[in-house]
Amino acid sequence: MAKENLLRKQWYCPSFLPSLQQFSVRPCGVLRVIDRDRRSEYAFGMRVQIHADSRGLRAGLIETPHGACATPAFMPVATQGTVKGLLPSQLREAGIEIVLANAFHLSLRPGVERISSLGGLHKFMGWDGPILTDSGGYQVFSLAGDAGPAPSTPTPSAPSDEPLVVRPSERAGREDPLRKRPHGRTANAGVQVTEEGVQFRSPVDGASVEFTPARVIAIQRSLGVDLLMPLDQPVAWPCAPEATRDAMERTLRWAALARKEPLAEGQALFGIVQGGFDPGLRRESAARTAALDFAGYAIGGLCLGEPRETRRAALAAAIAALPEDRPRYAMGVGHPADILDAIALGVDLFDCVLPTRNGRNGWAFTDGGIVRIRNASHAGDSAPLEPGCPCPACSRFSRAYLRHLFHAEEMLGPSLVSIHNCTWYARFFAATRDAIRAGSFEAFREGRMRVWGSS
Ligand SMILES: [Zn+2]
């Protein structure tokens, strides 16, 4: 414990934070270093090097004890300790560098002690790269029916007839535990929110469970993950101002408690900005969360059915109040148009179930838009899903074969399209980083928006 506290003190010691005058300029002159390489100062934990241009566009590197990820970065969702349908080696080959798992689900099944006794989550799931875990705040409040709109509400930036729509119960790391309800429990699952935390009945076995700010940190500490999230309370869209402020204030009080908890060596704790859809509250939440001095900042409670402009305004307000030198993570933001919006505002990390969920449904992301592989038009098509894509689905198989797999209900079909979609997301983010570094992001964004939505 003493060692952990010492490490925390080192990690957060203000004297290590670079002043504005210490920013250096890269030879290309386009990007400046916000956070200098602090290898000498920090012998442990997350190190961040972020470069930003005058418009706030950012490209960087987050280094953890389990390796690095270039930012902006996309995290496929491994809710249950697996990115559905992909081997860890296939994730690597797809170009994925970091994944998101879910502390809520894993703590209920198979249990933190089981995973810890088997060597921690990295070893358990066979992924040796960085892992970020969501705390479970969203899932708990989903159990209560408090977070998110009715499942039919479409994400505004996606045409309503496409499964690009991220239903709130299926958002990143937030696949609805109520879809499997072996004990026939009702939607509120006995959820009770108190100042101490949240009590609810486990959707796995009906047991009474309590999540407190300290416990969710302890769970993630035992899992041995790299980036941790505190317990938070999101609100639904729409939400009354008083309820939004109540949830925001509670999230802040819980954040302060979480911040006091010890971390394992090498772990980094993010704060979560809430504040609903009111830019003023978002700004206040961000400023007060930043005052607690977290290693990075997540912006939660978005993509719940709100209009795109509302989402963009909430994100912009939050980001304006966050420190430049810490990573920013837009939780559950995964539609390509929303990703481009958020990157333009200065977001570094993203997660979403879209690549794998759409993959399982036979919807493939391509540079030309969504390809529905089940369609009859592909029945005799010998072309790959996407020419030039290096993934196994595109380099070895035809559209006709992939369509056949789906119609024959062969499990290889969903797996191959999921691999392709993860590869597409990794390549999309790599192209975005290249465009930012080259100073051509606006042209890049314009071109992509012609496919994925109006700007
Ligand atoms: Zn492919």
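## H11 against H16

H11 passes H16 in a left-handed crossing; left-handed means that the near helix is turned anticlockwise from the far one by less than a right angle. The axes of H11 (residues 336-345) and H16 (residues 441-452) come within 9 Å and cross at roughly 155 degrees. That makes H11 roughly antiparallel to H16 (an angle over 145 degrees). Axes are lines fitted to C-alpha atoms over the stretch in contact, with angles from 0 to 180 degrees between N-to-C directions.

Pro336, Ala337, Leu340 and Ala344 of H11 meet Arg445, Arg448, Met449 and Trp452 of H16. Contact means C-beta atoms, placed from the backbone, within 7 Å. By class, the H11 contact with H16 has 6 nonpolar, no polar and 2 charged residues.

## Basis of the model

This is a predicted model: local features need pLDDT of at least 70, side-chain atom pairs count only at pLDDT 80 or more, and totals for chains, interfaces and linings use all residues. Residues are numbered from 1 along each chain as its sequence is written. Helices (H or I, at least four residues) and strands (E, at least two) are DSSP runs, numbered from the N terminus.

## H10 and its cover

Arg311, Ala314, Leu315, Ala317, Ala318 and Ile319 of H10 are buried (20 or more other C-beta atoms within 10 Å of their own). Their cover includes strands E14 (268-273), E15 (296-299) and E16 (328-330), plus helices H9 (279-290) and H11.

## H14 against H15

H14 (residues 399-407) packs on H15 (residues 412-438) at about 130 degrees, axes 7 Å apart. Leu402, Leu405 and Phe406 of H14 touch Leu412, Gly413, Leu416 and Val417 of H15.

Definitions and conventions
Parallel < 35°, antiparallel > 145°, perpendicular 65-115°, else oblique. Contact = placed C-beta atoms within 7 Å. Nonpolar A, V, L, I, M, F, W, Y, C, P; charged D, E, K, R; others polar. Buried ≥ 20, exposed ≤ 12 C-beta atoms within 10 Å, placed from the backbone.
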